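The account begins with the terms on which the pairings rest.

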Amino acid sequence: DAAKVLQKTDEIFAQFELMQKKQRLLLNSHKDQKRPKPILSLIKYTIHEALAATDIALESSLPEKEYMIPIVEEQISTLVECLTSNAIGAMPDGGTLHVTSQEISLNDEQGIPLPVGHYLRISLEDNGVGISPDNLAKIFDPYFSCKEMGALKGMGLGLSICQTIAINHGGMLSVESQPGE
C-alpha cells in the first residue's frame with residue numbers, strides 16, 4: 001500500500017534528521033560559545049512545547065526568579081526536549097511530569113563527581129513505568145535503549161548525548177527509578 005510506504009519513509013526521514021541534529025550537537029559542542037541565558041524560561045518553554053500534543057499533565061514548581069547561566073541554548077533545549085520525550089514515552093497511558101529546581105552547594109564530602117561549588121539542580125520526575133536496575137546501569141551508554149529500536153523508536157543516543165551536553169555545561173545527569181514507579 002503506497003500510503004504505508006510513504007508513512008514509513010517519512011518516519012525514517014524524521015529519525016535520520018533527528019540523528020543528524022544530535023551528531024551536529026556533539027561534533028560542534030566544543031565550538032559553540034556559551035552565553036548567559038535565562039535557563040528556567042528556556043526549560044519551561046521547551047517542556048510546554050514537548051507536552052503540547054500529549055495527555056501528560058505538568059506540575060511545575062520552578063521559581064519566578066530567573067538564573068542567567070552561560071549555556072549553548074540549542075544544546076540545553078535539546079537536552080530538556082529529550083528528557084521530556086523519555087518521560088512521555090514512560091507514561092503511555094498519560095500521567096504527570098513534575099519539574100522542580102533547587103540551588104545546591106557541593107563540597108568534597110558529598111561524593112558527587114563535580115567540582116566544589118554552587119549549582120542549580122533541575123529535576124524532572126514522571127510517574128511512568130520505571131526502569132529495571134539492570135537497564136538503569138546502562139541508560140547513558142551510546143546505542144542502549146529500553147525502547148523498541150527503529151524508526152521513531154529508540155536509537156539509544158538520546159541520553160548519552162544529554163549526558164555529554166550536561167558535562168559540557170559543567171553539570172551531570174543522574175537517574176533514580178524503580179520498575180512500576
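A salt bridge is taken here as a side-chain nitrogen of Lys or Arg within 4 Å of a carboxyl oxygen of Asp or Glu. The model is a predicted one, in which local features need pLDDT of at least 70 and side-chain atom pairs count only at pLDDT 80 or more, whereas totals for chains, interfaces and linings use all residues. Residues are numbered from 1 along each chain as its sequence is written, and side-chain values use heavy atoms, with hydrogens and water left out.

**Overall architecture**

The protein contains 5 helices and 5 strands; helices (H or I, at least four residues) and strands (E, at least two) are DSSP runs, numbered from the N terminus. Along the sequence their order is α-β-α-β-β-α-β-β-α-α. Of the 181 residues, 29% count as buried, where buried means under 20% relative accessible area, exposed means over 50%, and partly exposed lies in between (1.4 Å probe, protein chains only). Among contacts (heavy atoms within 4.5 Å) with a separation of 6 or more, 73% are between residues 24 or more positions apart.

**Salt bridges**

Side chains of opposite charge can pair when their charged atoms come close. The salt-bridge rule gives a count of 2 in this protein, as tabulated here.

| Salt bridge | N to O distance |
|---|---|
| E73 and K37 | 3.4 Å |
| E103 and K65 | 3.3 Å |

The pair E103 and K65 links distant parts of the chain, 38 residues apart: E103 belongs to strand 4 (residues 95-106), and K65 to the loop between strand 2 (56-60) and strand 3 (68-71). K65 is partly exposed, at a relative accessible area of 48%.

In the salt bridge between E73 and K37, distant parts of the chain are again linked: E73 is in helix 3 (residues 73-90) and K37 in strand 1 (residues 35-38), 36 residues apart. E73 is partly exposed because its relative accessibility is 38%. K37 is also partly exposed, with a relative accessible area of 26%.

**Packing of helix 3 against helix 5**

Helix 3 and helix 5 pack at an angle of about 140 degrees, and their axes are 9 Å apart. Axes are lines fitted to C-alpha atoms, for helices over the stretch in contact, and angles run from 0 to 180 degrees between N-to-C directions. The residues making the contact are Q75, I76, L79, C82, L83 and N86 of helix 3, together with G158, L159, C162, I165 and A166 of helix 5. By class, this contact has 8 nonpolar, 3 polar and no charged residues; Ala, Val, Leu, Ile, Met, Phe, Trp, Tyr, Cys and Pro count as nonpolar, Asp, Glu, Lys and Arg as charged, and the others, Gly among them, as polar.

**Two residues in detail**

L83 is located in helix 3. With a relative accessibility of 22%, L83 counts as partly exposed. Leaving out residues up to four places away in sequence, L83 touches L124, L159, C162 and L173. The C-alpha atoms of L83 and C162 are 8.0 Å apart in space, although the two residues are 79 residues apart in sequence.

Q163 is part of helix 5 (residues 158-168). Is Q163 buried or exposed? Q163 counts as buried, because its relative accessibility is 15%. A polar atom of the Q163 side chain lies 2.8 Å from the backbone nitrogen of L173. With residues up to four places away in sequence not counted, Q163 touches F140, M172 and L173.

Terms used: A polar contact is a pair of N or O atoms within 3.5 Å; within protein, one must be able to donate a hydrogen and the other to accept it, and residues adjacent in sequence count only if both atoms are side-chain atoms.
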